[in-house]
Amino acid sequence: MSTDSEPRSSTSSKPSRRGTDVEAWKKAFHDNLFYSLGRFPAAATLNDKYLALALSVRDRLLDRWVRTSETYYRRRVRTVCYLSAEFLLGPHLGVNLVNLGMMEPARQAMTELGLDLDALLEQEEEPGLGNGGLGRLAACYLDSLASLEIPSIGYGIRYEFGIFDQTIRDGWQVEVSDKWLRLGNPWEIARPEIAYEVGFGGRTDGYTDADGHRRVRWLPGRIVKGVAYDTPILGHRVDTANLLRLWSAEATDSFDFEAFNVGDYYGAVEEKVASETISKVLYPNDTALAGKRLRLEQQYFFVSCSLRDMIRIYRQTVSDLSRFHEKYTAQLNDTHPALAVAELMRILVDEENVAWEAAWEITRRTFAYTNHTLLPEALETWPVELFGSVLPRHLEIVYEINRRFLDEVRSARPNDEELVQRMSLIDDSGERKVRMANLACVGSYAINGVAALHTDLLRRDLLRDFDSLWPGKIRNVTNGVTPRRFVMLINPRQAKLVSDSIGDEWTHDLIAIRALEPFADDAGFREEWRRVKRANKEALASEIARRTGVTVDPASLFDIQVKRFHEYKRQHLNVLHVITRYLRLKRDPALDVPPRTVIFAGKAAPGYIMAKRIIKLIHAVASVVNNDPATRDKLKVVFIPDYNVKHSQRIFPGADLSEQISTAGKEASGTGNMKFAMNGALTIGTLDGANVEIREAVGAENFFLFGLNVDEVQRLRRTGYRPQFVYETDSELCDAIDAIAHGTFSGGDRALFRPIVDNLLDHDPFLLLADYRSYVDCQDDVDGAFRDTDRWARASILNVARTGIFSSDRSIRDYCRDIWRIDKVEIANGDET
C-alpha cells in the first residue's frame with residue numbers, strides 16, 4: 001500500500017501532484033478541476049480549465065517551495081531581500097512550465113484532453129503590478145535569483161488594481177481599471193496569520209526609560225494592518241523556488257458594529273474603506289495633495305511590513321539583532337523603498353532599545369540602493385510638512401541622520417556650505433523637502449547605476465558629491481532580462497533553431513549562445529533564420545489585424561518602438577521620420593524604398609498631457625497614411641493598444657528594427673533594447689543607456705547609430721540651442737513640422753497639435769530637431785541594409801549570438817559578487833528527500 005497521501009497514477013511512479021509525464025498531468029488536471037474547483041468537464045468554463053492547469057503547475061511549484069524554505073530555515077542562510085514598489089511579473093503559467101521543463105508534456109496532456117494549451121495560456125490575466133521597466137526588471141531579477149539558487153525574498157504591494165488598461169477612443173488614450181483579481185489568482189497563497197500593524201500620523205512623546213535614557217515614543221493617529229500574500233518564484237530547471245511576498249492593506253477592525261446598530265451604515269465600514277485604499281491602486285495620481293499623501297503612505301506601508309517580517313524570520317533562529325545585516329542584504333529598487341532606512345532605525349532605536357550608533361551601523365550595512373534615473377526632476381522628494389504629518393517620528397529620525405551626516409561632510413570638506421546644502425537630506429530652497437535619493441545614498445553601504453554610461457554620469461554629475469565623499473561606493477551593474485520568458489517562452493521557433501544548432505547549454509547560461517556566431521556565415525542557416533523571422537512576423541501581423549483592424553505586410557520591414565510614453569524617449573521623433581517618409585512618397589510615388597510598417601505601443605501616465613497628445617498624433621498620422629492609396633503599400637503606421645508584458649511577448653519576436661532613440665544622457669539603461677536584440681532585431685539608437693554596451697557587444701556594423709552623444713548634448717546646451725534655426729535650415733524637417741502645424745493630419749484643425757509644434761520650435765528640451773537629420777539619414781541606411789537580405793540575416797544572427805551578457809543572470813551574478821557577497825544554496829531534488 002502506498003504511503004503517499006495522494007493517489008498514484010496507474011502509469012506514473014510519482015503522485016499526481018508531483019508527476020511529470022503526460023498521464024500524471026492529465027490526472028492532476030482532473031483532480032484539481034474536481035476537488036479544487038468543484039467542476040466536471042462538461043460544465044467547466046475556459047477559466048475553470050485554466051485554473052485547473054494552473055493549480056496543477058502550482059502543486060509542482062509548492063513541492064519545491066516547501067523544500068526550499070525548509071533548507072533556508074535549517075541552514076540559516078544569508079538572504080537577499082529585494083524591496084520594490086513594482087513587480088511587473090507577466091503571466092505565470094507559461095514561464096512556470098518553461099522553468100519546470102514541462103511545456104511539452106503539459107501541451108500533450110491538454111491535447112489528449114481535447115484542450116488547446118495556447119488558449120489556456122491566453123486566458124490568464126496579467127498581474128499589472130508595475131508601470132514599466134522598473135517593475136519588469138524586478139521580476140526578471142526574481143527569476144534569475146531563483147535560477148541561480150540565491151536565497152531571496154521579494155517584497156512589495158499587492159495592488160488590487162494595477163497599471164490601468166489602455167483603450168483608444170478617437171485616437172486618445174483612455175484609462176480603464178485593471179481588475180486583474182476579478183477571476184482570482186491561483187498563484188498566490190494568503191497568509192492572514194502573517195500580518196503587521198502599521199501606524200500613520202499622530203504625534204511623538206519623549207520620555208525617560210527605567211535606565212535613565214531619553215527615549216521617544218510614537219503615538220500614531222491611525223493604524224492599518226498589512227497582510228501577506230505569497231507567490232512562489234521558480235528557478236529554471238533547478239529545485240529552488242523563492243518567495244515573493246506582497247502586502248495587502250486591511251483595517252484592524254473592518255466593521256464597527258456599534259455604528260451599524262445606530263444606523264450609521266457608512267460609518268460602520270469607513271475604517272475598512274480608508275485602510276484598504278492604501279493597497280487599492282498602483283501609483284495614484286499625485287498631482288493633488290491627497291494623491292501625494294496616499295503614495296507616501298503606500299511606500300511606508302510596504303517597507304514597514306517587510307522589515308517587521310524580516311525581523312520575525314530572523315528571530316526564528318536568532319534573538320539578538322546585532323547581526324541582522326549578516327542575515328540580510330536589502331536592495332532598494334529606486335527611492336520608493338528608501339523610507340526603509342528611517343523605519344529600521346525607528347524599530348531598532350525606539351522598539352529594540354539599540355543605541356543610535358549601533359543601530360546606524362546595522363542599518364548602513366543592511367541596505368544597498370539602485371538608482372534608476374538621470375533626470376534631476378525625477379528624484380523623489382516629499383514636502384516636509386506632508387512627511388511630518390504622515391510620519392512624524394520618521395521626520396525626527398531623518399533630521400537626526402541628517403545632522404550627524406552633515407557633521408561628517410563638514411569634517412571632510414570644511415568651509416564648503418554649498419556642498420553641505422547639496423548633500424543635505426533636506427532641500428531648503430523654496431518649499432522644504434525631504435530628498436529620498438540622498439537618504440538612500442547615506443543609509444546604504446553600496447549604490448549602483450544600471451548601465452556603464454549611467455553609472456559614469458552618476459559619478460560625474462547627479463551623485464558626484466557622494467562619489468567624492470565615498471570613492472568606490474557607486475558601482476555599476478548593467479541591467480539584464482531573463483531569457484526564459486523573453487526568448488524561450490515567447491520565441492520557441494528561434495529557441496528550437498538555436499538548440500538544434502548548438503545544443504541547449506544556452507538555456508542555462510546565455511553566454512553559451514556565443515557558439516551561434518559561426519552560423520552567421522552559413523547560407524543555409526541564414527535561410528532557416530529568415531524563415532523563423534517570417535513566421536514570427538506573420539504571427540504578429542495576425543495579432544495586429546485582430547486587435548487594430550489594420551492589415552500589414554509581413555514582408556515589409558517591421559520597425560517597432562514599444563515603451564512607456566515620455567518626451568525624452570522621443571516617440572515624436574519617430575513620428576517626424578514617418579511624416580518625412582510619407583511626404584517623400586507623396587512627391588515621388590515611384591520612390592524605390594522597401595515597404596515599412598512602423599509599430600508603436602505604450603502607455604502614458606494619466607496626468608501626462610503632452611505624452612497623451614503624442615499618442616493622438618500617432619493615430620492621426622496613421623489615419624492619413626494608412627488610407628492614402630499613393631502610399632499605403634509602402635508605409636503603414638500601427639498603434640497596438642494596452643501594451644503590457646503579455647502583449648509584448650507577441651511583439652519582440654516579430655521585430656526587424658528596434659527603436660531606442662532617447663536623448664543621450666536621459667535613459668538610465670533600458671531593457672526593451674535587450675529583449676529586441678535577443679530576438680534578432682537590429683537596433684537604431686543613440687549612445688544612451690545600455691545602447692552603448694549593446695553596440696559594443698554586437699559590433700558597430702550591426703547597430704544603426706545616430707545623434708548627439710552625451711558630451712555633445714551638454715555642449716549644445718551650454719553654447720545655446722536654437723531649435724527654430726534648425727527648423728528653418730532643414731527643408732524636410734520644415735515640411736514635416738508644417739504638415740502637423742497646418743492640420744494635414746487633423747482634418748485642418750491647426751490647434752490640435754499646436755502644443756507639440758510650439759514645444760519643439762520654442763524649447764525642444766529633448767533635442768529632437770538637433771538629432772532629426774542624423775536620424776532620418778540613418779533610417780535611409782536601414783533601408784539599404786534591409787534590401788540586402790543576407791547582410792540583414794547575418795547581423796540579426798550576430799545580435800542574438802552576442803547578447804548573452806544582457807541576461808539578468810549576469811546582472812545577478814554581478815550583484816552577488818560585487819555588492820551582496822552571497823553564495824548559492826542548492827536545494828536537494830525531491831526524489832532524494
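This is a predicted model: local features need pLDDT of at least 70, side-chain atom pairs count only at pLDDT 80 or more; totals for chains, interfaces and linings use all residues.

Biologist: How much space lies in the second largest pocket?

Modeller: The lining of this pocket comprises 39 residues, and those closest to the centre are Met103, Met488, Leu489, Ile490 and Pro492. Elements giving two or more residues to the lining include α4 (103–112), α20 (483–489) and α21 (492–502). The space in the second largest pocket is about 1,300 Å³.

Biologist: How many residues of that lining are charged?

Modeller: The elements that give two or more residues to the lining include α3 (93–100), α5 (117–123), α22 (523–548) and α25 (645–651). By class, the lining of the second largest pocket holds 17 nonpolar and nine polar residues, and the charged ones number 13.

Biologist: What is the volume of the largest cavity?

Modeller: The whole structure holds five cavities of 30 Å³ or more. Lining the largest are 15 residues, with Val95, Ala139, Asp143, Ile233 and Arg485 nearest its centre. Elements α3, α6 (133–147) and β8 (222–234) each give two or more residues to that lining. The volume of the largest cavity is about 170 Å³.

Biologist: And how many charged residues does the lining of the largest cavity have?

Modeller: Asp143 and Arg485 are among the residues nearest the centre of the largest cavity, and Asp and Arg both count as charged. Over the whole lining there are seven nonpolar residues, five polar ones and, in the charged class, three.

Biologist: Which helix gives the most to the lining of the second largest cavity?

Modeller: The second largest cavity holds about 110 Å³. Its lining has 14 residues, and nearest the centre lie Tyr50, Glu125, Gly184, Asn185 and Pro186. By class they are seven nonpolar, five polar and two charged. With three residues, the element that gives the most is helix α2 (residues 46–75).

Biologist: Turn to α22. What span does it reach from its first C-alpha to its last?

Modeller: α22 has 26 residues. At 1.5 Å a residue, 38 Å is expected. The model comes close to that, with 37 Å.

Biologist: Which residue caps the N-terminal end of α22?

Modeller: Look at the backbone nitrogen of Gly524. A side-chain oxygen lies 2.9 Å from that nitrogen. The oxygen belongs to the cap, Asp522.

Biologist: Which residue follows α22, and what is its phi?

Modeller: Within the helix, buried residues include Phe525, Trp529, Leu540 and Ile544. Charged side chains such as Arg526, Lys533 and Glu543 are buried there too. The helix is followed by Gly549, with a positive phi near 80°.

Biologist: Is Asp350 buried or exposed?

Modeller: Asp350 sits in helix α12 (residues 339–351). Its relative accessibility is 13%. Buried means under 20%. Therefore Asp350 counts as buried.

Biologist: How far apart in space are Asp350 and Ala412?

Modeller: In sequence, 62 residues separate the two. From C-alpha to C-alpha, the distance in space is 30 Å.

Biologist: Now the strands. Which residue is the bridge partner of Val562 in β18?

Modeller: Strand β17 (residues 557–562) runs parallel to β18, with six bridges joining them. Both faces of β18 are covered: Arg596, Val598 and Phe600 are buried on one side, Thr597, Ile599 and Ala601 on the other. The partner of Val562 is Ala601.

Biologist: Which residue in β11 is the bridge partner of Leu332?

Modeller: Six of the six residues of strand β10 (residues 328–333) are buried. Leu332 points the way Tyr328 and Ala330 do. β10 is joined to β1 (residues 79–83) by five parallel bridges, and Tyr82 stands opposite Gln331 there. To β11 (residues 367–370) β10 pairs over four parallel bridges, and the partner of Leu332 is Tyr369.

Definitions and conventions: Residues are numbered from 1 along each chain as its sequence is written. Side-chain values use heavy atoms; hydrogens and water are left out. On a 1 Å grid over the protein atoms alone, a cavity is a set of points where a 1.4 Å probe fits but cannot get out, and a pocket is an open set with protein on both sides within 12 Å along at least five of seven lines; lining residues have an atom within 4 Å of a point. Grid points are joined across faces, edges and corners, and a volume is the space filled by probe spheres set on the points. The expected span of a helix is 1.5 Å times one less than its number of residues. Buried means under 20% relative accessible area, exposed over 50%, partly exposed in between (1.4 Å probe, protein chains only). A polar contact is a pair of N or O atoms within 3.5 Å; within protein, one must be able to donate a hydrogen and the other to accept it, and residues adjacent in sequence count only if both atoms are side-chain atoms. Two strands pair if DSSP finds at least two bridges between them.
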